[in-house]
Amino acid sequence: MSVEEVNTLIVGAGPTGLGAATRLNQHGKEDWLLIDAFTEAGGLACTDVTEEGFLFDMGGHVIFSHWDYFDQLIDTALGSGPDAWNTLERVSYVWMKGRYVAYPFQNNISALDKEDQIKCLSGLVEAKLLNATAQGKPKNFDEWICRVMGPGIADIFMRPYNFKVWAVPTTMMQCNWLGERVATVDVDRAISNVIHGKEDAGWGPNAVFRFPKDGGTGAIWKAVANLLPQDKLVSD
């Protein structure tokens, strides 16, 4: 195997690695290389195609960007409009304690039993008071959850759910990554939903999202990789 020295080495052709490579290429930089263990780009956001032609996304990756620069890039790579994309409304539910709870969970506690409703609502009020008097930013994801949603939602849903997703306790995760990924709580709306027994599913940053017409999520990243100089992409 040949040895090559470069100024910037990007490890992994997932969305982050492809984004770094794209930016270097746009700035006219040439002394870089992107390496990946697989022949196709995508990383953990890739789509696996079976022999029968079925598509399986490696994760639940959907696009709900509000950044023109990012949107323009993927439109350039994959195409724009209804010929390239389906626009879909999210339909997600959490199965717990023998019932379905609409997502985002934190705005649909009306679906819980009365005991859990009380825990969640009292926790929301407690969180509102805590957040108003807190000094400084939350130190980790767990502290952010408690400040925004309270201990009820934290114990019943956010802690176990996020451990299942990330395999790391929320106390060991920082919270700078959150951005729009985790929907916060409108306390008045949550209380109103409980009083009226209302489901409130079509809410949150990704309530409506785009999805490729063909090729699954992985098609996006394969197309972005195709915009790059192919001699800069090395697979094992």
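Rings of Phe, Tyr and Trp, the last taken by its six-membered ring, form a pair if their centres lie within 6.5 Å. In this predicted model, such ring pairs link Phe141, Trp144, Trp166 and Trp177 into a cluster.

## Aromatic contacts

The structure holds 7 aromatic pairs. One of them joins phenylalanine 141 to tryptophan 177 in an edge-to-face arrangement, with 5.2 Å from centre to centre and 70° between the planes. This pair links distant parts of the chain, 36 residues apart: phenylalanine 141 belongs to helix α4 (residues 141–148), whereas tryptophan 177 lies in the loop between α5 (150–166) and α6 (187–196). Tryptophan 177 also forms an edge-to-face pair with tryptophan 166, at 5.6 Å centre to centre and with 65° between the planes. Because tryptophan 166 lies in helix α5 and tryptophan 177 in the loop between α5 and α6, this pair ties together parts that are 11 residues apart in sequence.

| Residue | Relative accessible area | Class |
|---|---|---|
| Phenylalanine 141 | 0% | buried |
| Tryptophan 177 | 27% | partly exposed |
| Tryptophan 166 | 38% | partly exposed |
| Cysteine 146 | 18% | buried |
| Cysteine 46 | 22% | partly exposed |

Buried means under 20% relative accessible area; cysteine 146, at 18%, is therefore classed as buried, while cysteine 46, at 22%, is partly exposed.

## Charges over rings

Arginine 210 lies over the face of tryptophan 85, at 4.2 Å from the ring centre. The charged end of lysine 232 sits over the ring of tryptophan 32, 6.0 Å from its centre.

## Cysteines

How many disulfides does a search of the whole structure find? The search finds 0 disulfides. Cysteine 146 is in no disulfide, and the nearest cysteine sulfur, that of cysteine 175, is 12 Å away.

An open sheet of 3 strands has the order β1-β2-β9, and its pairing is parallel. At its edges are β1 (8–11) and β9 (233–235), each of which pairs on one side only. Neighbouring strands of the sheet are turned by 25° against each other on average, direction ignored. Strand β2 (residues 32–36) pairs with β9 in the parallel sense over 3 bridges. Aspartate 36 has serine 235, in β9, as its bridge partner. Helix α1 (residues 15–26) packs on this sheet and touches β1 and β2; the direction of α1 makes about 160° with that of β2.

## Helix α7

Which residues of α7 are buried? They are Gly218, Ala219, Ile220, Trp221, Ala223, Val224 and Ala225. Helix α7 (residues 218–226) is thus mostly covered, with 7 of its 9 residues buried.

Key:
Residues numbered from 1 in each chain as written. Predicted model: local features only at pLDDT ≥ 70, side-chain atom pairs only at ≥ 80, totals over all residues. Heavy atoms only, no water. Disulfide = S-S within 2.5 Å. Buried < 20%, exposed > 50% of the residue type's maximum accessible area, 1.4 Å probe, protein only. Phe/Tyr/Trp six-rings, centres within 6.5 Å; stacked < 30°, edge-to-face > 60°. Helix = DSSP H or I, 4+ residues; strand = E, 2+ residues; numbered from the N terminus. Lys NZ or Arg CZ within 6 Å of the ring centre and 35° of its normal. Pairing = 2+ DSSP bridges. Axes fitted to C-alpha atoms, helices over the stretch in contact; angles between N-to-C directions. Contact = heavy atoms within 4.5 Å.
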